[in-house]
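Student: I'm new to this one. Can you walk me through it, bit by bit?

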Amino acid sequence: MQNHQNRPQKRKTKNRQMFKQAAWFLTPSLLLLLIFFIGPIIMTLFFSFTNLSLTGVAAQNIQFVGFQNFVQLFKDPKFFSSFKNTLIFLLFSGIIGQQVLGFLLAVLMKNKHKAFRKIVGGTVMAGWVTPELIVAIIFVSFLHDGGTLNRFMAGLQLQPISWLFTFPMVSVVVANIWQGSALSMLMFQSALDGIPNDIEDAAKIDGATAWQRMWKITIPMIKSTIFTNLVIITLSTLGVFTLLYTMTGGGPSGATSTLPVLMYEQAFVNYQLGYGTAISLIILGIGIILSLGYIRLLKTED
Amino acid sequence: MKNKKTSSALAYIVLTLIAIIFVIPLLWVFVASFDANATQVLKMPEHFTLTNYQEVITDRGNQQAFLNGLFLSGGQTILVVLFSLLAAYPLSRFPLKNKQKLLMTILFMTSLPITAVMVPVYQLFTFFNLTDSLVGTLLFLTASSLPFGIWMMKNFMDGVPIELEESAWIDGASKLSTLYKVIVPLMKSGMYTVAIFTFIGSWGNFFVPYILLSSPKKLPASVTLFQFFGQYGYAAYGQLAAYSVLYMLPTFILYYFSQNHMSKGFNMGGAAKG
């Protein structure tokens, strides 16, 4: 503290030295991020305005095509249905499903028997630990015409349903909630544990109902967790590809094709890389807009 | 008082139901893997068997696939922990000028969907002649989880009091040796957390190797299992289940043995953030 009033010269050299050291520590990470992360993002911006293709003439001879990819996108009915599917999947499996179920689990588990918490928490965590591909495999079996769910429904004298064909979006939404709720549960648990008990006790003595305590005390106190969770869920759900691709392949007839699935098809099945990157850019754009929107929302609430 | 009891009982019932609903889809894969006549339905095996496992394990291609997966995920985990530990140090300890901006950028990168950069990454790989290269794939995977690793590591490090290091500096220890001797032992939970998150994410990653690798010899288990699912998934349910269980096993074991570290790490991270 004294240093920085008395000896500016020495502080300057010390600063430079520190900066040099910091650079050394940061070099391996920055290098990798620059080449494999930031580079490709800049390439996304660039390639989405070209006719880049995996094969044919355009593979050798990249041309700048302006907004042509985007014009093509907005004319493509597949793009609109994928866009819509992305938002539906995001809303129901992520924002509503995982967030609400995770919160519900955390609230219900508060102050419960420790062993019980461990078992329930463990089953929910199992979903999170399970690789996406396995989630797809077990849910394809579970929802299959001859699968466990239909067998169970038959036991209740209900007609069997071809879930993956009749309700494909519901099926993938359920699978994604199954996999992702654990993270919300963990985040909310640690946030709820941070609320001092005496605040709730005081409210109880004042005669506040459980519902009032929830809306007036608990939720305002964990607002920053809710926000962080929303952003994390939104961006991770937006990028879901494996679950959809391996569970339904985006079908039947595009019913579960989201933007990542469409991007994959255009870029790697139809070999239209430029068109594919244009879709990538839209995915990134949605993510950025929603994140900024959440920040805005949180600020105006304060 | 009575009201409180009923609401508590209700909570126990609801939680038990949720737990049962959560466990049933998963139970199938374990039971079916030991069933000689497995179908898609969860049922008690009439003929208990280990043949499903035997056939998956003795297959040469499968062994190779697991080794490839281990190379990619193990390598990625080591590199991410090492690099993010180094990067977190100045971010946590030095009063750098544009630190806040840098940290916000890292946080922002944490959340970008990797899916969205895969097309240009593929292009980058063709440009550098890296397609179908395990090392190239490893480096990309490392880069993709570095922002998250650095962010977590920095938060954990913030929780380690700086006073201990200051006395080490006075004793003339270098920054690197202080990091190794003073900080690392105190943030083991944090490092395990980053390692587990990275490994689980990497082992489960299907999309990246699916795009960047192509020769059958180099594919990790996630991709070969998907191919198996596509080819035999609707016939050999027992084998599919056994393959799935074997593939899930590393993440489950890892998670089980490190639960304590994880929750400690999670609390540490949460506390540091707030």
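Tutor: Let's start with a term: pLDDT is the predictor's confidence in each residue, from 0 to 100. This is a predicted model, where local features need pLDDT of at least 70, side-chain atom pairs count only at pLDDT 80 or more, and totals for chains, interfaces and linings use all residues. Residues are numbered from 1 along each chain as its sequence is written, while chains are lettered from A and ligands numbered from 1 in the order in which they are written.

Student: Over which residues of chain A does pLDDT stay under 50?

Tutor: Chain A has a mean pLDDT of 83, with 90% of its residues at 70 or more. One stretch has two contacts (C-beta atoms, placed from the backbone, within 7 Å) beyond four places in sequence. There, pLDDT stays under 50: residues 1-6 of chain A.

Student: How many residues come from helix 2 of chain A on the side that touches chain B?

Tutor: The contact takes 66 residues from chain A and 65 residues from chain B. Helices are DSSP runs of H or I, at least four residues, numbered from the N terminus. Helix 2 (residues 8-47) of chain A gives the largest share of that side of chain A: 17 residues.

Student: What separates the centres of domain 1 and domain 2 of chain A?

Tutor: Chain A is divided into domain 1 (3-47) and domain 2 (68-301), with bounds from an automatic or database domain assignment. Taken over C-alpha atoms, their centres are separated by 36 Å.

Notes. Helices (H or I, at least four residues) and strands (E, at least two) are DSSP runs, numbered from the N terminus.
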